Amino acid sequence: PVYLDYNATTPVDPRVLEAMLPWFTEHFGNAASRTHLYGWTAEEAVATARKQVAKLLRANLKEVVFTSGATEANNLAIKGVFEKYSYKGTHIITLATEHKAVLDTCHHIEQLGGEVTYLMPDANGLITPKQVTDALRPDTILVSVMYANNEIGVIQPIREIAAVAHAGGALFHTDATQAVGKLPIDMVEEGIDLLSLSAHKLYGPKGIGALVVRQGVEITAQMDGGGHERGRRSGTLNVPGIVGLGKACELAQKEMSAETQRLGLLRDRLEKGILANISHTFVNGNTPQRLAHLTNICFEYVDGENLLLSLKDIAVSTGSACTSASVLPSYVLKILGLTDNQAYASLRFSLGRFSTEEEIDFALQHVVEVVERMRVGSAV
Ligand code: PMP
């Protein structure tokens, strides 16, 4: 099937794999071994990767904390700030349409006695800085708002939200998993204190990511041990993974703008084609403020649960892959105001580096045929 689920995960770019390979076998040293060449060599490779990650986000290399991915980075950011700053206050503000890695971490904070405000977005999935201002309290220590939504791709006004968070005396964290390598990000300009990212969303390997923590911001480690990563995350470093993440960031930096342009045209071709050829369809998260490589479309008057099963020749998703073990409709789409069936009957098409025009035309034709077939006999 044609792969159109790049938001779930991306293949490793062959150039990334090539950069990683020597670090499994030839250069296998422990980056924490300070007494011999094996260790120094690995440490040097990690330092290069740290620079590559930092450069993409305009951060400092000392600010990069390698983790096992964005789930861990979100846990470390939210729990780490809560633990460190709970003497100041225990209130956190986030968004109801965050990824589960943020929402469930916030539920954990509530179990620990913290208080969390979940902001409701508008029908397109966006929140306003004013909503954040209104929710801020003297005891608010953290505002955590995702950069771009994984299901509908809408991009929040990050710079403005960070500014109001700071004006209210709170730190600002963003889960930028779906934005890193897709949008230019400048942590300094945008006022981001903590940022989560994951390599497997930008053509790097799975199981590696980072939390970038601006200088002066403190977090309590959630993984205690040998004191790696300046005491912020213990555990022997995943050197091949880190090298892969670094290389993926370097490639993204060079290729992002051309790639965004190319994928934007392909996405528009698919989206316009679907809207023009299939009646009773609409875009979820219908705002120009969204990722260029993604469209989430609702097909009304089809049985949502059968839709995905009928689309055998393309790999797409409903809701997020992370919750696809359950048959519940997407909570994100429900918050936008969709009914259960509209949510089930919504498909997320996410394109990527290896998507071609032929694939898009094939996907369009396939979707048109399947939806027409499913609607035969219905009143539409
Ligand atoms: N946050 C967002 C917005 C995501 O899309 C994902 C991946 N589905 C994650 C966090 C979790 O990332 P990881 O797979 O690296 O744990």
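**Helix packing**

Author: Gladly! Two packed helices are described by the angle between their axes and the distance between the axes. Here, helix α8 (residues 239-277) packs with helix α12 (residues 357-375) at an angle of about 20°, and their axes are 10 Å apart. Axes are lines fitted to C-alpha atoms, for helices over the stretch in contact, and angles run from 0 to 180 degrees between N-to-C directions. Helices are DSSP runs (H or I, at least four residues), as are strands (E, at least two), numbered from the N terminus. This is a predicted model, where local features need pLDDT of at least 70, side-chain atom pairs count only at pLDDT 80 or more, and totals for chains, interfaces and linings use all residues. Residues are numbered from 1 along each chain as its sequence is written.

Reader: How are α8 and α12 oriented to each other?

Author: They are therefore roughly parallel, a label for angles under 35 degrees.

Reader: Which residues make the contact?

Author: From α8 come Leu266, Arg269, Leu270, Gly273, Ile274 and Asn277, and from α12 Glu357, Ile360, Ala363, Leu364, Val367 and Val368. Contact here needs C-beta atoms, placed from the backbone, within 7 Å.

Reader: And what about domains?

Author: The chain is divided into domain 1 (2-7 + 256-375) and domain 2 (14-252), with bounds from an automatic or database domain assignment. Their centres, taken over C-alpha atoms, are 28 Å apart. Domain 1 gives 24 residues to the contact and domain 2 gives 22 residues. On the side of domain 1 that touches domain 2, the elements giving two or more residues are α8, β10 (294-299) and α10 (331-335).

Methods
Angles under 35 degrees count as roughly parallel, over 145 as roughly antiparallel, 65 to 115 as roughly perpendicular and the rest as oblique. Two residues are in contact if their C-beta atoms, placed from the backbone, lie within 7 Å.
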